[in-house]
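Hi,

Here is the structure I promised to pass on. Have a look at it first, and my notes follow below.

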Amino acid sequence: MTQKRKVKYQQLIIIFIIYIALWLVLVPMIKSPQFPLNVDVSLSEFVPAQDILTELATIFIIILPLTSILSLLIGGYILTPIVIILHKLFFRSKNFYGIQYESHLEERRFLSLGFYPVLMSINLASIFNRPEIWGFLLESNLIADINNVWRIPALTRFFALTILLMFTYGISIFLFSPVWYLRDSGIIYTNKRKIEQSQESFNLKSLGDWFQTLLKSYAGIGAILTYIFIVYLITTSFINEWDIAVLILWFGLPFYLVLSMIPALIFNDLIRGHRINFTRKLAYKMGIKEKAITSFEFKAIE
């Protein structure tokens, strides 16, 4: 392990500790007279705790980090071979495959890897966040308490969104994990040989980037707009009753999700060598055996 990687790990660990401390500070701050909901009511039977705020902290400090690690492992080792098989099944006649062995590990930004999975998880949770499933996700006493206090379902919607995120967060990382496995392995495809005698444009792309492009449709600007709409609905409904701690809690949700992925991102990097060997051996068995050497030359137009 290089010194630069050790420093990067230390920085991420410090950020994660601050993230945990933030939750430990937010929980007692929310237990205030300005927050009229009975916080001793249980949030959901899916979370092993007895009151809303403890359950929220448990979700973001324990459940989501563990979920991200498990989803990363399971998704990477199960979906990666499926992605390779499907791509070769549909595009083999048009492309040639190879492996780039050059490594650019030190240039990677760890936290940026969590951007699209987080957007997808919020988008999926928003799609399934409907009144007909609130009763399944949330405790009936909590729904009754919310209705008694405000008589509108915006807060119910957000609590249900939080519970849904436990599932959609894991699903999103499960789906995105092959992107990281394939990118690091260096598997690329190109139509160069097929178009040498034609007028078609040259194409060279990572197999991981191709798969990420497919997933981006569920993790794009639509997810951001959906989340903004939900937060707007909640804040406009309760702006007079809520204190600053509650607003920080809700507005910071996307950032909390990214930070909760830090243990998985560190683990993902620690097993990088094993992931690369696993993926390249798979590729070799599927006929991807050639070493890809890419170079570009730019010339001025005369």
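A quick definition before anything else: when I say two residues touch or are in contact, I mean heavy atoms within 4.5 Å. On that basis Phe60 touches Tyr19, Trp23, Pro65, Thr162, Leu253, Tyr256, Leu257 and Ser260, leaving out residues up to four places away in sequence.

Some housekeeping. This is a predicted model, so local features need pLDDT of at least 70 and side-chain atom pairs count only at pLDDT 80 or more, while totals for chains, interfaces and linings use all residues. Residues are numbered from 1 along each chain as its sequence is written, and side-chain values use heavy atoms, with hydrogens and water left out.

**Overall picture**

Of its 302 residues, 49% count as buried. By buried I mean under 20% relative accessible area, with exposed over 50% and partly exposed in between (1.4 Å probe, protein chains only). Among contacts with a separation of 6 or more, 80% are between residues 24 or more positions apart.

**The core and its aromatics**

Back to Phe60. The largest nonpolar core holds 68 residues, and Ile59, Phe60 and Leu257 have the most contacts inside it. A nonpolar core here is a set of buried Ala, Val, Leu, Ile, Met, Phe, Trp, Tyr and Cys residues joined through side-chain atoms within 4.5 Å. Helix 6 (residues 154-185) gives the most to this core, with 15 residues.

Phe60 also belongs to an aromatic cluster, together with Phe16, Tyr19, Trp23 and Tyr256. For ring pairs, the centres of Phe, Tyr or Trp rings (the six-membered ring of Trp) must lie within 6.5 Å; planes under 30 degrees apart are stacked, over 60 edge-to-face, and the rest tilted. There are 11 aromatic pairs in the structure. In one of them, the rings of Tyr19 and Tyr256 have centres 6.5 Å apart and planes at 50 degrees, so the pair is tilted. That pair links distant parts of the chain, with Tyr19 in helix 1 (residues 3-30) and Tyr256 in helix 11 (residues 253-260), 237 residues apart. Both Tyr19 and Tyr256 are buried.

Another pair is Phe91 with Trp210: the centres are 5.9 Å apart and the planes are at 80 degrees, so this one is edge-to-face. It too links distant parts of the chain, from Phe91 in helix 2 (residues 52-91) to Trp210 in helix 8 (residues 207-216), 119 residues apart. Phe91 is partly exposed at 31% relative accessible area, whereas Trp210 is buried at 15%.

What does His87 touch beyond its neighbours within four places in sequence? Trp210 again, along with Arg92, Asn95, Tyr97, Tyr189 and Leu207. His87 sits in helix 2 and is buried, with 1% relative accessibility.

**Charges**

Two rings have a charge over them, meaning NZ of Lys or CZ of Arg within 6 Å of the ring centre and within 35 degrees of the ring normal. The charged end of Arg275 is over the ring of Tyr181, 5.1 Å from its centre, and Lys289 lies over the face of Tyr284 at 4.8 Å from the ring centre.

Arg5, in helix 1, is buried with a relative accessible area of 17%. Its side chain makes a polar contact with the side chain of Asp269 at 2.9 Å. That term covers N or O atom pairs within 3.5 Å; within protein, one must be able to donate a hydrogen and the other to accept it, and residues adjacent in sequence count only if both atoms are side-chain atoms.

**Helix 3**

Helix 3 (residues 115-128) is largely enclosed by the rest of the structure, because 10 of its 14 residues are buried. Among them are Pro117, Leu119, Ile122 and Ser126.

Thr67 is in helix 2 and buried at 17% relative accessible area. Thr67 and Ala264 are 197 residues apart in sequence, yet 8.8 Å apart C-alpha to C-alpha. Ile13, in helix 1, is partly exposed at 43%. Ile13 and Ile262 are 249 residues apart in sequence and 7.6 Å apart in space, again C-alpha to C-alpha.

Cheers

Technical notes: Helices (H or I, at least four residues) and strands (E, at least two) are DSSP runs, numbered from the N terminus.
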